Amino acid sequence: MKAAVLYGKEDVRIESVADPTPAAGEVVIRVKAATTCGTDLKVWRRGGHARMLTPPILFGHEAAGEIVALGAGVTGWQLGDRVVANNSAPCGQCFYCQRQEFSLCPHLEFNNGTFAEYLKIPASIVRHNLLPIPEHLSEEMAALTEPLACVLHGVARCGWQPQMQQWPSPPQIVVIGDGAIGLMFVGVLAQQGARVLTFGGSDQRLAIAKTFGAEQVVNHHQCEDMPAVVKDWATGRGADIVIEATGVPQVWEVAIACGRPGATINLFGGCPRETRISVDTERLHYEELTLKGVFHNTPAFVRQALALIASQTLPFEMLVSGHAPLTEIEQVLQAMKARQVIKVALHP
């Protein structure tokens, strides 16, 4: 089959590799749509990922398609079933899994290689994170399940609760970043009743944030003091919750500065390995700030994500900027690097 193989920094090649064969408990799907992700862009630019992959390796982690082969012992699935598979599954047995902290599982099994004609799904993912696609939903939209599951996990971990809508005024939440993840955060939070201020670098993407429910959007290129803008918007206090979705260490520091006393700062965007930030310890202590690192997703959020996409209550199709054949993966990544597109659906 044809597949994209990552060899290092900005080095991805389309090669002919062996067709996958399912072992016991595994399935193989024909990839109908594989969506690109900001994480794919970071991995391509950095030449690897601390947790998920080390080159040379098959590339890509968001996809949906149809089952074309079943391994021994697989039940509940048939050839031709349309499915979406998360890119990981926890072991379900360790210290963390027993405490429902599935994203911290040290045995989390990742599966890469969606930018290919076929994709083998490991047995653990078949058991925990392989889902049927509703009849009315396209494979392209179903492929967005994994990033949305991460967002739903992030929303749950940043202290947001629906009962906050009963506060004297709705919660004021700042989202920094106008990539697909940041825009998904905006849509989910606004739908749940929060007031959302979004910072980004693209007027076109900020227009999507408005469509998704952002109360106010600000182009950071035209803003010299983001914390001051937040305080002005949030009645002089700062935001109740700040979500950082860029993965830039300096922006992590800005995110912390945007929070009010008692705020939760969700440091969601993964930074390069071995980077550091500085924190004002006086603010951290006396203002009782909560700094929260959030990573990945869990099986429950994978299911919630697919259900939310299937409900069609948010226009997630706006996040897919275009379509391309697999052979154009290099051009697509270059376009993402230049911020000309958000996500692209590749059709192997």
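Where does Pro 56 lie? Pro 56 lies in the loop between α1 (38-46) and β4.

The model is predicted: local features need pLDDT of at least 70 and side-chain atom pairs count only at pLDDT 80 or more, while totals for chains, interfaces and linings use all residues. Residues are numbered from 1 along each chain as its sequence is written, and side-chain values use heavy atoms, with hydrogens and water left out.

**View 1. A cis peptide bond joins Pro 55 to Pro 56.** The omega angle of this bond is near -5°. Helices (H or I, at least four residues) and strands (E, at least two) are DSSP runs, numbered from the N terminus.

**View 2. Strands β2, β1 and β4 form an open sheet, in that order.** The pairing in this three-stranded sheet is antiparallel. Two strands pair if DSSP finds at least two bridges between them. β2 (11-16) and β4 are the edge strands, each with a single partner, so one side of each has no neighbour in the sheet. Two bridges connect β1 (residues 2-8) with β4, and Leu 6 stands opposite Ile 57 in β4.

**View 3. Phe 59 and Phe 115 form an edge-to-face aromatic pair.** The structure holds four aromatic pairs. In this one the ring centres are 5.5 Å apart, with 90° between the planes. Rings of Phe, Tyr and Trp (its six-membered ring) pair if their centres lie within 6.5 Å; planes under 30 degrees apart count as stacked, over 60 as edge-to-face and the rest as tilted. Phe 59 is buried at 0% relative accessibility, and Phe 115 is buried at 1%. Buried means under 20% relative accessible area, exposed over 50%, and partly exposed in between (1.4 Å probe, protein chains only).

**View 4. Phe 185 and Phe 268 form an edge-to-face pair.** Their ring centres are 5.0 Å apart and their planes stand at 85°. Phe 185 belongs to helix α6 (residues 180-191), whereas Phe 268 is in the loop between β15 (259-267) and α10 (281-286), 83 residues apart. Phe 185 is buried, with a relative accessible area of 0%; Phe 268 is also buried, with 12%.

**View 5. Arg 13 lies over the face of Tyr 7.** The distance to the ring centre is 3.8 Å. A charge sits over a ring if NZ of Lys or CZ of Arg is within 6 Å of the ring centre and within 35 degrees of the ring normal. The charged end of Arg 99 sits over the ring of Phe 95, at 3.7 Å from its centre.

**View 6. Glu 288 and Arg 339 each have a positive phi.** Phi of Glu 288 is near 50°, and this residue is in the loop between α10 and β16 (290-293). Glu 288 is exposed, with a relative accessible area of 60%. For Arg 339, phi is about 60°. Arg 339 is in the loop between α12 and β18 (343-347) and is partly exposed at 37% relative accessibility.

**View 7. Gln 331 is in helix α12 (residues 329-337).** Gln 331 is partly exposed, with a relative accessible area of 47%. Its C-alpha atom is separated by 33 Å from that of Met 226, 105 residues apart along the chain.
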